[in-house]
Amino acid sequence: MKKFTSKLLKVVQLNHDVFQFDFAYPDDLDFLAGQFFMLEVPTPERKMTRSYSIASEPANKAFFSLCVKLLEGGIGSEYLRKMKVGDEGNFMAPFGHFVIKDNSKDCILVATGTGLAPFMSMLPTWFKQGATQQITLYFGVRHAEDLFYVEELSVWEKYHANFKAVVTLSQPTEVWTGDKGRVTEHLEK
């Protein structure tokens, strides 16, 4: 584990409550696709930490991205909500064993909400490694306005014949023409 300070470079609003925070990549840090960082969150009582999966590939040494759903009153959410470009955050990293171990077997990935973040790190890493196995991602949210990163998934489907993204809504409106239901229902099929 390494402690480091990193400058916030950019904030991108992905939907009504999910944001991508891009921080400068430290020179002497390495992580594996699928790992997470812990962000120190100072509070009046004590320092706390919040864990966030990395939503960018390790090969990108310019910045690392955190994909975060900002919750009203959430300690980490409120801290990030107040950060401005140029502010610095204190991190500990890397953590986690949810990493690519064998890229020769067909793979089914399942994510709801910001659980998609580690796959946004893993998928481009697999593609750059020349993965040929079939990779199917099931990504579910409640409503169409909750979707994010679907453009990237669509581009990857277009350029990688071995990748399929099933994007599904559990509470769609009548105008939604895509897949419907919870991801677990699709897995049962």
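Modeller: A residue is called buried when its relative accessible area is under 20%, exposed when over 50%, and partly exposed in between, using a 1.4 Å probe and protein chains only. The model is predicted: local features need pLDDT of at least 70 and side-chain atom pairs pLDDT 80 or more, while totals for chains, interfaces and linings use all residues. Residues are numbered from 1 along each chain as its sequence is written, and side-chain values use heavy atoms, without hydrogens or water.

Biologist: Why does isoleucine 108 count as exposed?

Modeller: Its relative accessibility is 57%, and exposed means over 50%, so isoleucine 108 counts as exposed. It is found in strand β7, residues 107-112.

Biologist: Why is α2 described as largely enclosed?

Modeller: Of its 12 residues, 11 are buried, so α2 is largely enclosed by the rest of the structure. Among the buried residues are Phe119, Met120, Leu123, Trp126 and Phe127. Glycine 130, with a positive phi near 80 degrees, follows α2.

Biologist: What covers the buried residues of α2?

Modeller: The cover includes β4, β5, β7, β8 (135-141), α3 (150-159) and β9 (163-169). Contact here means heavy atoms within 4.5 Å.

Biologist: What makes β5 mostly covered?

Modeller: Five of the seven residues of β5 are buried.

Biologist: How do you know that β2 and β5 are joined?

Modeller: Two strands pair if DSSP finds at least two bridges between them. Strand β2 (residues 18-24) is joined to β5 by seven bridges, and the two run antiparallel. Within that pairing, phenylalanine 23 has phenylalanine 64 as its bridge partner, and aspartate 22 stands opposite serine 65.

Biologist: In what order do the strands of the six-stranded sheet stand?

Modeller: The order is β4-β3-β6-β1-β2-β5, in an open sheet with antiparallel pairing. Its edge strands are β4 (47-53) and β5 (63-69), each pairing on one side only. On average, neighbouring strands of this sheet are turned by 40 degrees against each other, direction ignored.

Biologist: How many bridges join β1 to β6?

Modeller: Six bridges join strand β1 (residues 2-13) to β6, and the strands run antiparallel. Serine 6 has glycine 89 of β6 as its bridge partner. On three bridges, β3 also pairs with β6 in the antiparallel sense, with phenylalanine 36 opposite phenylalanine 95.

Biologist: Where does helix α1 lie?

Modeller: Helix α1 (residues 75-82) lies across β2, β3 (36-42), β4, β5 and β6 (88-95), at about 80 degrees to β3. Such angles run from 0 to 180 degrees between N-to-C directions of lines fitted to C-alpha atoms, for helices over the stretch in contact.

Biologist: Why are β7 and β10 said to stand at the edges?

Modeller: The four strands of an open, parallel sheet come in the order β7-β8-β9-β10. β7 and β10 (179-180) have a single partner strand each, so one side of each is left without a neighbour in the sheet. Inside that sheet, β8 and β9 pair in the parallel sense over seven bridges, and tyrosine 138 stands opposite valine 166 in β9.

Biologist: Which strands of this sheet does α2 touch?

Modeller: α2 packs on the sheet through β7, β8 and β9, its direction making about 155 degrees with that of β7. α3 packs on the sheet too, touching β8 and β9, with about 150 degrees between its direction and that of β9.
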